[in-house]
Amino acid sequence: MYMKIIISPAKKMKTIDDIDMDCTKPIFLSKTYELLQHLQNLNYADLKSYLKCSDAIAKNTFEQFRNMDLDKNTTPAILSYSGIQYQYMAPHVFTDEQMNYVQQHLYILSGFYGLLKPLDAITPYRLEMQTKCPFSLYDFWKDTIANQINEPILNLASEEYAKVIRKYRTLIDVRFVEENGKEKGVYAKMARGAMVRYMAENNVQSIDDIKYFSELGYAFDSKNSTEKIFIFQKKLSS
């Protein structure tokens, strides 16, 4: 049974027009259509209040949802997100073998699409899992997402997204801490992306083999780790 890896999406997204890849279809596309119809029926003021964002972002998102066609303007999910985690993952330079690896092992959690495989064709959107519109997206998805993922599950997602799985499945959490033992969000995102790339490059099949990850100055902390929490600490400067 394949080990599964879960990661968060990114707020920033892009489309790439000239990709020659065989894309797959998101498994919960029918529920995404349902969600889109609801969002398209919201007026601007309500959508802005739910998103809790600036006028510029709200206006762009309002128009985005109003004009959205889920079959057009699509890009493979792994190449569509452009946040820090994805920059350090660098999927645009994956070999065919590495792309096949993430397609088999990796899932991207999404408030809008629910669950995405890397090659699923998606269109840009803005909808975080914690957004209430006005209903909770955790209630909307319930156990639908978790039921699609078999254990063991390596959790490289933020808690905002991991909690949609955690209620129903056992997760092996990965924490990246600095020399002082504390986590720093930006560095954690960088390390999560680097870890996915490391697994793809090394065809990692066993959870225990993750412990050999040593990029960006991190090393596995066997003393403070447990079976369910893997801690990687940045090495102390000499």
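Colleague: Is lysine 52 buried or exposed?

Modeller: Lysine 52 is exposed, at a relative accessible area of 74%. For the cut-offs, buried is under 20% relative accessible area, exposed is over 50%, and partly exposed is in between, with a 1.4 Å probe and protein chains only. Keep in mind that this is a predicted model, where local features need pLDDT of at least 70, side-chain atom pairs count only at pLDDT 80 or more, and totals for chains, interfaces and linings use all residues. Residues are numbered from 1 along each chain as its sequence is written, and side-chain values use heavy atoms, with hydrogens and water left out.

Colleague: Thanks! Where is lysine 52, and what is its phi?

Modeller: Lysine 52 sits in the loop between α2 (44-51) and α3 (55-66). Its phi is positive, about 55°, although lysine 52 is not a glycine. Helices (H or I, at least four residues) and strands (E, at least two) are DSSP runs here, numbered from the N terminus.

Colleague: And what about phi of leucine 216?

Modeller: Leucine 216 also has a positive phi, near 60°, and is a residue other than glycine. You'll find leucine 216 in the loop between α9 (185-202) and β8 (218-220). With 35% relative accessibility, leucine 216 counts as partly exposed.

Colleague: On to side chains. What does glutamate 178 make a polar contact with?

Modeller: The side chain of glutamate 178 makes one with the side chain of lysine 234, at 3.3 Å. A polar contact is a pair of N or O atoms within 3.5 Å; within protein, one must be able to donate a hydrogen and the other to accept it, and residues adjacent in sequence count only if both atoms are side-chain atoms. Glutamate 178 lies in the loop between β7 (171-177) and α9, and is buried at 9% relative accessible area.

Colleague: Which residues does glutamate 178 touch?

Modeller: Leaving out residues up to four places away in sequence, glutamate 178 touches Lys184, Tyr187, Tyr218, Gln233 and Lys234. Contact means heavy atoms within 4.5 Å.
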